[in-house]
Every structure is written in structure tokens, then in C-alpha cells.
Amino acid sequence: MNYARINGLSYSLRRATFSPRHLRNAPILFRSASLTRSVQTQSLKPEDATVILNTQRLARPSSPHFTIYQPQLTWVASIANRITGVGLSVLLYGFSLAYLFAPSTFSSANIIEFAAAMPDWVKVVEKTILAAPFAFHSFNGLRHLAWDTGKFVSLKGAYRTGYAVLGASAITTVALVLL
């Protein structure tokens with residue numbers, strides 16, 4: 001193709017190859033009339049075009065990542081790490097803002113009194129709700145730091161460290177709840 005462009009043979013070769021012999025020598029008027037489109041289009045208002053586009057978008061399938069892929073430890077742990085990080089951040093900033101706006105209500109003495117008045121099963125549930133994300137996010141953070149140094153980046157290493165994070169998180173959660 002580049003050789004034909006350089007030598008100037010491209011147009012003449014295409015014309016000789018793709019147009020029939022009886023049309024090559026026909027008058028220009030006949031050629032332009034025979035090669036016109038028979039499809040007609042109509043103009044749409046921008047609002048109508050937007051409606052058509054939105055209905056087409058609604059008919060499209062959603063992203064297939066949950067429907068066709070089997071859950072794996074690596075991406076489940078990644079999602080859980082993000083969720084626990086957001087949850088812990090919201091809790092920290094929420095408590096900090098609450099203490100900033102109402103320091104007498106959220107003082108340490110008031111919090112200790114409030115926690116002491118709760119039944120024991122509520123304390124265990126609350127400790128578990130706080131300890132599990134904290135332990136998981138901490139150990140998974142160490143896992144990511146190890147990956148940043150280039151260690152455990154193979155598939156086997158990723159699964160080993162994933163199971164180690166789950167085990168260490170479970171043990172640490174139980175230890176923190178029992179304190």
C-alpha cells in the first residue's frame with residue numbers, strides 16, 4: 001500500500017479494481033445518479049435525540065464483574081480494605097467533629113459512664129464492630145507495605161498473605177474484644 005502511494009498508483013489501481021468496466025467509461029451524470037444512497041434520514045430535536053440515547057443506555061447490560069467472575073480472595077480483600085478504611089475514617093472524623101462542637105457531651109468521663117451503663121452483650125457487640133475493621137485494615141495495610149517492597153507479589157504469595165491477614169485479624173479481634 002505504501003509502495004502504491006509513493007509511486008502514485010493507488011488511485012488508478014483502486015479505480016480499475018473496484019469499479020465495473022461499464023461504469024468506468026460512463027458519463028459523470030450517470031455515475032453520480034447510480035451511486036446515491038436510497039436511505040433517507042430525518043432531523044431530530046436535541047430533546048428527542050437525548051430521549052433515544054437514554055433509552056438505549058437503559059437497555060445496555062451492566063458491568064459484568066459481579067455476574068461472571070468468581071469471587072477471589074484478592075479482590076474481596078481489596079474491597080473490604082477500602083470499606084474498612086472509609087468506615088474507620090468516618091468514625092474518627094465524626095467523633096472528632098462531635099467533640100469539637102460539644103466537648104462536654106463527648107468528654108471521656110461521659111463516654112465511660114455511658115459505656116458502663118450498657119449491658120455486657122452490647123459492649124461485646126460494639127467492641128467487635130470496632131475491633132474487626134481496625135484489625136483487618138491494620139494487617140492488610142502491612143500486607144500492602146510488603147507488596148510495595150516487592151515481596152509476596154506472586155499469586156501464591158498474595159493468597160498466603162491474604163489468609164494470614166484473615167487469621168491475624170480474627171485472633172486480634174478476639175483479643176481486643178476480651179480486653
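Mentor: Lys123 has 29% relative accessibility, so Lys123 counts as partly exposed (buried is under 20% relative accessible area, exposed over 50%, partly exposed in between; 1.4 Å probe, protein chains only). This is a predicted model: local features need pLDDT of at least 70, side-chain atom pairs count only at pLDDT 80 or more, and totals for chains, interfaces and linings use all residues. Residues are numbered from 1 along each chain as its sequence is written, and side-chain values use heavy atoms, with hydrogens and water left out.

Trainee: Which residue forms a salt bridge with Lys123?

Mentor: A salt bridge needs a side-chain nitrogen of Lys or Arg within 4 Å of a carboxyl oxygen of Asp or Glu. Here the closest N and O atoms are 3.9 Å apart. The partner of Lys123 is Asp120.

Trainee: Is Asp120 buried or exposed?

Mentor: Its relative accessibility is 59%. Asp120 therefore counts as exposed.

Trainee: In which helix do Asp120 and Lys123 both lie?

Mentor: Helices are DSSP runs (H or I, at least four residues), numbered from the N terminus. Asp120 and Lys123 sit three residues apart, about one turn of the helix. That helix spans residues 120-148 and is H9.

Trainee: Is Thr161 buried or exposed?

Mentor: Thr161 lies in helix H10, residues 155-178. At 13% relative accessibility, Thr161 counts as buried.

Trainee: Which side chain does a polar contact join to that of Thr161?

Mentor: A polar contact is a pair of N or O atoms within 3.5 Å; within protein, one must be able to donate a hydrogen and the other to accept it, and residues adjacent in sequence count only if both atoms are side-chain atoms. This one spans 3.0 Å. The partner is Arg143.

Conventions. Helices (H or I, at least four residues) and strands (E, at least two) are DSSP runs, numbered from the N terminus.
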